[in-house]
Amino acid sequence: MDLTNCKLSVAIVYASVSGNTKELAKELYQIFLKKSVGISFYSIEEFCVSDLCHYDAIAIGTYTWGNGEIPKEMGQLYKAFESINRKDMPTAVFGTGDSCYPRFCGAVDRFRDMLYVHTNLAATLKVELRPQIQDIQRCEKFVETLLLRARMYSYPQVNSAIRK
């Protein structure tokens, strides 16, 4: 079987107020670009939740609001994932926060817990404030982990042939 024409389709969907989460999303986007996948990049305002099932994998980026809450603009996406209940869909969640707050990146934790139940959660990434040089390796690992999981579920016949 020739897989040279098969390209995974991945979406990054994020919400950002201070710009830190957007900066992290852009860093992840640049890493995905190097991986020969079809990558789409959306702010939450640009993303249509009815398109969720059009992707092989989704990476969600969120900031945290208040006392560890999911931002209001991410509510519809959160509910959409709860209702689609696709254990075969690889997902990952990332975000930025300030560790001086008791629920550092609390929205990431809330998304993580929900995605673990309703999708095939592959990775979680939390970054202090804005991405720094020391975070790049963690970003690369995040991307690799999500892509590995997506390949396992997008090409099951190939994976079973490889295991034999």
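Here are a few notes on a strand, a helix pair and one arginine in this predicted model.

1. Start with strand E3, residues 57-62. Six of its six residues are buried, so the rest of the structure largely encloses this strand. In a regular strand, side chains alternate between the two faces of the sheet. Both faces of E3 are covered here: Ala57, Ala59 and Gly61 are buried on one side, and Ile58, Ile60 and Thr62 are buried on the other.

2. Now for the neighbours of E3. Strand E1 (residues 9-14) runs parallel to E3 and is joined to it by five bridges. Tyr14 sits opposite Gly61 of E3. Strand E4 (residues 90-97) also runs parallel to E3, again with five bridges. There, Thr62 has Gly95 of E4 as its bridge partner.

3. Next, a helix pair. H2 (residues 75-84) packs on H3 (residues 106-118) at about 20 degrees, with the axes 8 Å apart. That angle makes H2 roughly parallel to H3, and the crossing is left-handed. On the H2 side, the contact uses Tyr78, Phe81 and Glu82; H3 brings Arg110, Phe111, Met114, Leu115 and His118. Sorted by class, that contact has five nonpolar residues, one polar and two charged.

4. Last, a look at Arg138, which belongs to helix H4 (residues 136-154). Leaving out residues up to four places away in sequence, Arg138 touches Leu125, Lys126 and Val127.

Definitions and conventions:
Residues numbered from 1 in each chain as written. Predicted model: local features only at pLDDT ≥ 70, side-chain atom pairs only at ≥ 80, totals over all residues. Heavy atoms only, no water. Axes fitted to C-alpha atoms, helices over the stretch in contact; angles between N-to-C directions. Helix = DSSP H or I, 4+ residues; strand = E, 2+ residues; numbered from the N terminus. Parallel < 35°, antiparallel > 145°, perpendicular 65-115°, else oblique. Left-handed = near helix turned anticlockwise from the far one by under 90°. Contact = heavy atoms within 4.5 Å. Nonpolar A, V, L, I, M, F, W, Y, C, P; charged D, E, K, R; others polar. Buried < 20%, exposed > 50% of the residue type's maximum accessible area, 1.4 Å probe, protein only. Pairing = 2+ DSSP bridges.
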